[in-house]
Amino acid sequence: MCSSMRWDPASGHAPRGFFGALGDISEVRLVMVLAEPGEPGSDEIHDGVDSAFRYAERCYLMAGGQGHRNVRSIILRCFPGLALKEAFRKVWITESVLCSAEVPAGKVNRDCERLCVSEYLIPQLRLFPNAVVAAMGSKAHNRVKKYFPDVVKCGAVFPPGCNFASTRDSWDNLVSIVRDMT
């Protein structure tokens, strides 16, 4: 089922793209679900789940590109007054499919998508019953809504989808929802 996905940990292609819940999982109030990981960074090499988490930590807390900066901005607006690392106690970021598509941002085989969502995403979402679940982009939303109808639809945080005015409006809506529940 997953033969169309890229698997090459030495070049960064491994299940990845998850980060957060830096405290107790009961503290999580926002789960951001992205579509699937894009191209790995030029320095990205993985030897397991820990290295994928550490790499994501570096991207979300300190470096990363435009998408990572967008996520940081949304999180800091959701939890004003908290330092970023403290805010990440309240946030879990994951991907609806944990491996990169054969072509960056390309189609994912439907059977592979179903397997990844049912075996990995849904169990993750069950860990956070008190959190707002937000699908960041149409691809993520189309995958998640079948299994989790209360998902909040937002614009993508990574290019090109993050560059539309309506995307910023959807992020504002998410910030309002999260602030209202906390």
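Guide: Let's start at the side chain of R143, which reaches the backbone oxygen of A35 at 3.0 Å. That side chain also makes a polar contact with the side chain of S96, at 3.0 Å. Please keep in mind that this is a predicted model.

Where does R143 sit? R143 belongs to helix α5, which covers residues 138-144. Is R143 buried or exposed? With a relative accessibility of 3%, R143 counts as buried, because the cut-off for buried is under 20% relative accessible area. Setting aside neighbours within four places in sequence, the residues in contact with R143 are A35, E36, S96, V97, V108, E113 and V117.

Strand β6 spans residues 132-136 and is mostly covered, with five of its five residues buried. Its side chains are divided between two directions: V132, A134 and M136 point one way, while V133 and A135 point the other way, and all are buried.

Strand β6 has partners as well. It runs parallel to β3, and four bridges join the two; in this pairing V33 stands opposite A135. Strand β6 is also parallel to β7 (residues 152-154), with three bridges between them. There, M136 has C154 as its bridge partner.

Now for the charge pairs. A search of the whole structure finds 10 salt bridges. One of them joins the side chains of R89 and E27, at 2.7 Å from N to O. R89 lies in the loop between α3 (84-87) and β4 (91-95), and E27 in the loop between β2 (19-20) and β3 (30-34), so this pair ties together parts that are 62 residues apart in sequence. R89 is partly exposed, with a relative accessible area of 26%, and E27 counts as partly exposed too, at 21% relative accessibility. R89 has a further salt bridge, to E86, where the closest N and O atoms are 3.7 Å apart. E86 itself is partly exposed, at 40% relative accessibility.

The side chains of D111 and R114 meet at 3.1 Å, N to O. Both residues lie in helix α4 (residues 110-126), three residues apart, which is about one turn of the helix. D111 counts as partly exposed at 38% relative accessibility, and R114 likewise at 40%. Beyond this pair, salt bridges that share partners join E36, E113, K139, R143 and K146 into one network.

That brings us back to where we began. R143 is a member of this network, and it is also the buried residue, at 3% relative accessibility, whose side chain reaches the backbone oxygen of A35 and makes a polar contact with S96.

Note on methods:
Residues are numbered from 1 along each chain as its sequence is written. This is a predicted model: local features need pLDDT of at least 70, side-chain atom pairs count only at pLDDT 80 or more; totals for chains, interfaces and linings use all residues. Side-chain values use heavy atoms; hydrogens and water are left out. A salt bridge is a side-chain nitrogen of Lys or Arg within 4 Å of a carboxyl oxygen of Asp or Glu. Buried means under 20% relative accessible area, exposed over 50%, partly exposed in between (1.4 Å probe, protein chains only). A polar contact is a pair of N or O atoms within 3.5 Å; within protein, one must be able to donate a hydrogen and the other to accept it, and residues adjacent in sequence count only if both atoms are side-chain atoms. Contact means heavy atoms within 4.5 Å. Two strands pair if DSSP finds at least two bridges between them.
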